[in-house]
Amino acid sequence: MLSFFQENKAFLAETVSEEKTLSIYKLIMDGGLGGQIIIAILFTLLAVGLYIYFERFFAIKSASKVDVHFMDQIREYVSNGNLEAASALCEHKNTPTARLIRKGISRIGKPLEDINTAIETAGKLEVYQLEKNVSVLATIAGAAPMIGFLGTVIGMIIAIHEIANAGGQIDIKMLSDGLYTAMTTTVAGLIVGIIAYITYNHLVVRTDKVVYQMEATSVDFLDLLNEPA
């Protein structure tokens with residue numbers, strides 16, 4: 001009796017070990033060619049999305065750096081009529097906010113409305129640069145789950161085709177390719193979509209923060225020009 005339990009215990013341990021060794025790679029490989037193609041597309045979208053996120057994240061982080069003494073220095077230079085020093089300071093900082101102020105400084109002497117228009121136009125260009133390729137993340141966030149669901153439909157078609165050709169002899173192993181395709185592509189599509197959605201919204205929030213800084217600094221600069229001499 002003891003030997004019987006020992007043999008069964010060893011068998012159960014081996015079975016559990018085999019179940020635990022089921023890897024993501026095996027799941028993908030068992031999904032058939034259709035599932036592998038869709039998974040490859042989704043992994044490509046994930047790689048593109050992550051590249052855009054990190055590239056934009058560091059670019060926006062660099063753009064959001066603010067020198068608390070920047071406007072004080074600009075105010076001093078402009079008040080003293082030293083426009084060349086003010087422009088050189090903006091060029092040295094080389095941030096979106098500094099470039100807006102530099103554009104405004106280059107228009108000093110013209111009507112205030114013209115200066116405001118020049119700053120607004122430059123601001124639109126800066127925002128466009130900050131948001132470059134961010135819309136691709138939004139596209140991936142929407143497209144990835146749909147591509148995953150396409151894999152689900154393909155997997156179900158494969159399963160139904162196998163059932164139709166089984167001649168009444170339905171075997172779950174025979175349906176495994178279709179079921180693997182359906183499940184793995186759905187999961188992969190949702191994972192890629194969720195990651196793209198979160199990273200997109202994170203970049204939008206950080207971009208809005210930089211835009212607010214640009215607007216606030218532009219208002220300060222225009223107020224400076226409105227001050228009586």
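A: A salt bridge is a side-chain nitrogen of Lys or Arg within 4 Å of a carboxyl oxygen of Asp or Glu. This is a predicted model, in which local features need pLDDT of at least 70, side-chain atom pairs count only at pLDDT 80 or more, and totals for chains, interfaces and linings use all residues. Residues are numbered from 1 along each chain as its sequence is written, and side-chain values use heavy atoms, with hydrogens and water left out.

Searching the whole structure gives three salt bridges. Start with R102 and E91. Their closest N and O atoms lie 3.6 Å apart. R102 sits in helix α6 and E91 in helix α5, so this pair links distant parts of the chain, 11 residues apart (helices, H or I, are DSSP runs of at least four residues; strands, E, of at least two; both are numbered from the N terminus). R102 is partly exposed, at 36% relative accessibility (buried is under 20%, exposed over 50%, partly exposed in between, with a 1.4 Å probe and protein chains only).

Helix α6 also holds R99. R99 pairs with E126, and the closest N and O atoms are 2.7 Å apart. E126 belongs to helix α7, 27 residues away, and again distant parts of the chain are linked.

E55 is partly exposed at 28%. R56 is buried, at 5%.

R56 is among the contacts of L203, along with Y53, F57, I60, V134 and L137, leaving aside neighbours of L203 within four places in sequence (contact means heavy atoms within 4.5 Å).

L203 itself is in the largest nonpolar core, which has 28 residues (a core is a set of buried Ala, Val, Leu, Ile, Met, Phe, Trp, Tyr and Cys residues joined through side-chain atoms within 4.5 Å). With F70, I74, C90, I101, I105 and F221, L203 touches the most other members. Elements giving two or more residues to this core include α5 (83–93), α6 (96–106) and α7 (112–130). Helix α9 gives the largest share, six residues. A second, separate core has 12 residues, including L46 and A196.

Now the whole chain. The protein chain has nine helices and zero strands. Buried residues make up 34% of its 229 residues.
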